[in-house]
Structure formats: structure tokens, C-alpha cells
Amino acid sequence: MARPIVLHLGDDIRWNHDLYKEFESNFEVRRSYSMSRAEFIQALKNKTFGDFYAMYRPFWNTGGEMGNWDNELISLLPKSCKIYASAGAGFDWVDTECLARRGIIYCNAAAACTESVADAAIWLILSVFRLFSWSAIAARSGDPEQFMDANRNLAPVSRNPNAGFSLGIIGFGRIGQRIAKKAHAAFDMRILYNDVVQMPREVEAPVNATFHKDMDTLLAEADCVLVATPFAGGTLLNAEKIQKMKQGARLVNIARGKLVDEDALVAALKSGQISAAGLDVHFNEPHVSQELIGMKRVEVLSHNAGASLDSHVGFERLGIENILQFSQTGKAISPVNAHLIPGRANL
Ligand SMILES: O=C(O)C(=O)CO
């Protein structure tokens with residue numbers, strides 16, 4: 001009997017070779033490698049890959065050259081396509097509702113990069129409290145004046161993150177919870193969180209987390225606000241919301257740059273409303289705001305929070321496992337839109 005076809009987008013896998021062999025024995029794997037949008041659209045129109053059952057994208061740096069997965073692309077997918085399993089936690093580049101309308105489950109791979117992202121968040125939390133980027137920039141400048149400036153002036157504005165400070169996490173999913181656990185264990189910080197629903201006691205209790213149904217009350221109380229929520233198409237922290245933050249609070253963003261209005265952030269840093277910011281992600285990547293780069297109290301990374309070998313090995317694995325399990329049981333491991341597909345919601 002013919003095996004169902006899987007379209008593998010992007011580069012060859014690099015680590016999970018035995019699992020990939022099992023994958024190939026279950027499916028006929030066809031490859032698109034790294035096609036431009038125009039090439040990919042043409043290939044879909046020509047049915048170059050046949051009537052594929054699944055799409056597998058093991059890396060976030062390749063296989064996404066066709067750009068955003070919007071209705072233009074999704075409407076060209078064959079009716080046989082039932083699941084798309086991709087690397088990465090964020091899925092702002094794919095219209096998962098549109099996929100759901102076509103009966104296609106989208107699976108992300110947040111579980112594979114949770115640890116890396118949470119570790120990066122700890123780096124950024126430490127950074128906004130202790131202002132190490134000021135120190136690092138001064139030391140790297142090789143300029144004795146800058147060195148002495150940091151050496152003399154940083155201490156009075158640098159604080160130990162500890163039980164006297166609260167960390168307000170917006171978005172208490174897998175990654176937000178892991179950050180809470182690490183920050184609570186490492187620094188004993190008080191954990192506040194905001195999400196659409198309150199978490200069960202067994203999630204809250206180990207980190208002594210306090211639920212804020214209203215984001216504004218969290219903003220008013222948190223000494224450090226940390227954004228860990230998916231991008232849903234709109235700005236989460238605009239000028240009005242930033243004004244609601246506690247005077248001198250810190251801001252960390254490990255989610256998506258477009259969740260924070262960067263002009264408003266710059267203004268708040270200038271006025272002292274926000275005392276420091278730690279940003280893995282940026283509004284207009286790969287461009288980083290020149291104003292933010294120039295601020296000593298701002299730590300910036302190149303969207304590397306989830307970037308580790310561990311995450312990448314996990315991305316490869318989880319994508320394959322999602323497709324294998326879904327084909328065998330009808331239940332994927334990490335679907336994000338199953339609740340929107342009739343008949344799949346409670347599987
Ligand atoms: O996986 C993602 O989408 C990330 O941005 C991790 O940093």
C-alpha cells in the first residue's frame with residue numbers, strides 16, 4: 001500500500017537519524033528545500049509534491065522562505081493535508097485559524113525550546129536588575145573612562161532580584177511557568193501572572209504564584225514585567241499600558257517584538273517610568289532600534305532566547321513525533337488549533 005506523503009520543508013535533519021528512518025518507513029518524504037514564495041505557490045498549483053498528508057519543518061531558519069502562511073498559501077494546500085508540524089514556539093507567521101478552517105492541525109514545538117527560552121529570560125531578568133549590559137558595553141569599549149563610569153556609577157542603581165521584588169509574567173503557558181519556577185528558585189522572587197484563565201493550584205502553589213485576571217493590576221504591582229505571551233496580531237504594551245507600570249519597573253520581552261510599542265518604551269526609559277529593559281525580540285527584526293541600542297540600561301539580544309543545540313534536536317524530534325502520533329492515533333502531541341477543528345477539540 002502506498003505510504004502517505006509528507007512534505008519536508010527546509011534543510012535536512014541533522015541529529016535524529018534513527019527517528020527519521022522510522023519516519024521514512026511510515027511516509028513517503030518529499031522535499032521542497034528552501035523555495036521562494038513564487039516558486040512554492042507554483043509548485044502547489046502544479047501539485048509538484050502530490051497529495052501530501054503532512055508538512056514537516058524541522059528548523060526555524062529554513063523552510064520558511066515562502067513567507068507568511070496566509071490564506072493565499074493555505075488555500076492551495078491539497079485537501080489530503082491534515083497536519084503541519086513546525087519548529088519554534090511562536091506561530092505569528094502562520095494563520096492557524098485559516099489552517100483550522102481547512103481541517104489542518106498546526107503543531108508548534110514550544111516544548112523543545114522551553115528550557116532555553118526560560119534560561120534566556122533569567123539572563124534578562126538578572127540583566128535588568130543588575131544592569132550588566134552597561135558594565136559589558138563599558139568593558140568592551142576598551143575605553144578607561146567608560147570602564148570607570150560603570151565601575152563607579154552602576155552600583156547605586158543596581159539591585160539584587162530577591163524576595164522583595166515581584167516578577168509579573170504576562171502569559172503563563174509552558175514557557176511562562178518555567179520562567180516562574182527558575183526565577184522563584186534562583187532569586188526567591190514573588191511571582192504574579194496574567195493569562196486568560198487562572199491556572200490550577202498545582203501550577204500556582206510550587207511558585208506561590210498570584211493570578212491577576214486584569215493585566216493592569218499586574219502592571220501596577222510588578223517590579224519586573226515579563227512578556228511571555230504569543231503574538232495575537234496586536235500590541236500588548238502600548239504607551240497607555242506602559243504608563244500603568246509601576247514607576248521605575250523593569251521590562252523583559254522574550255515573546256515577540258511587536259507586542260511592545262518600542263517608541264513608547266524608549267519614551268518610558270527616557271522619563272524613568274521604566275528603569276531598564278531586556279529584549280530578546282524587536283519590533284522590526286532583524287533591525288534593532290538605534291535608540292534602544294544607545295541606552296546603557298537596555299540589554300538586547302538577537303532573538304536567540306530559544307536558540308540552543310538542545311532546542312534544535314528537540315524541534316526535529318517533536319515535529320516527527322507529532323506527525324507519527326497523529327497518523328497512528330488521530331491525536332497530535334502539541335497542537336495549537338485543534339480546539340478550532342470540529343471533531344478534534346477533545347481528542
Ligand atoms: O521558538 C520561537 O518562536 C522563539 O522565538 C524562541 O525564542
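**Helix pairs and a domain record**

Modeller: Keep in mind that this is a predicted model. Helix 5 (residues 110–130) packs against helix 8 (residues 174–187) with the axes 8 Å apart and an angle of about 45°.

Biologist: Why are helix 5 and helix 8 called oblique to each other?

Modeller: Roughly parallel needs an angle under 35 degrees, and roughly perpendicular runs from 65 to 115. The angle here is about 45°, so helix 5 and helix 8 count as oblique. Helix 5 passes helix 8 in a right-handed crossing.

Biologist: What makes up the contact of helix 5 with helix 8, by class?

Modeller: It has 12 nonpolar, one polar and five charged residues. On the helix 5 side, those in contact include Ala118, Ile122 and Leu126, and helix 8 brings in Ile179 and Phe187, among others.

Biologist: Next, helix 6 and helix 7. What makes helix 6 roughly antiparallel to helix 7?

Modeller: The axes of helix 6 (residues 132–141) and helix 7 (residues 144–153) cross at roughly 155° and come within 7 Å. Angles over 145 degrees count as roughly antiparallel, so this pair qualifies. The crossing of helix 6 and helix 7 is left-handed.

Biologist: Which residues of helix 6 and helix 7 meet?

Modeller: Among them are Trp134 and Ile137 from helix 6, and Phe147 and Asp149 from helix 7. The contact divides into six nonpolar, four polar and one charged.

Biologist: Which residues does UniProt list for the NAD-binding domain?

Modeller: An unreviewed UniProt entry lists residues 125–305 for "domain: D-isomer specific 2-hydroxyacid dehydrogenase NAD-binding". In the model that span is 39% helix and 17% strand, and its end C-alpha atoms lie 13 Å apart.

Key:
Residues are numbered from 1 along each chain as its sequence is written. This is a predicted model: local features need pLDDT of at least 70, side-chain atom pairs count only at pLDDT 80 or more; totals for chains, interfaces and linings use all residues. Side-chain values use heavy atoms; hydrogens and water are left out. Axes are lines fitted to C-alpha atoms, for helices over the stretch in contact, and angles run from 0 to 180 degrees between N-to-C directions. Helices (H or I, at least four residues) and strands (E, at least two) are DSSP runs, numbered from the N terminus. A crossing is left-handed if the near helix is turned anticlockwise from the far one by less than a right angle, and right-handed if clockwise. Contact means heavy atoms within 4.5 Å. Ala, Val, Leu, Ile, Met, Phe, Trp, Tyr, Cys and Pro count as nonpolar, Asp, Glu, Lys and Arg as charged, and the others, Gly among them, as polar. UniProt positions are given in the numbering used here, feature names are shortened, and annotations may be inferred rather than shown by experiment.
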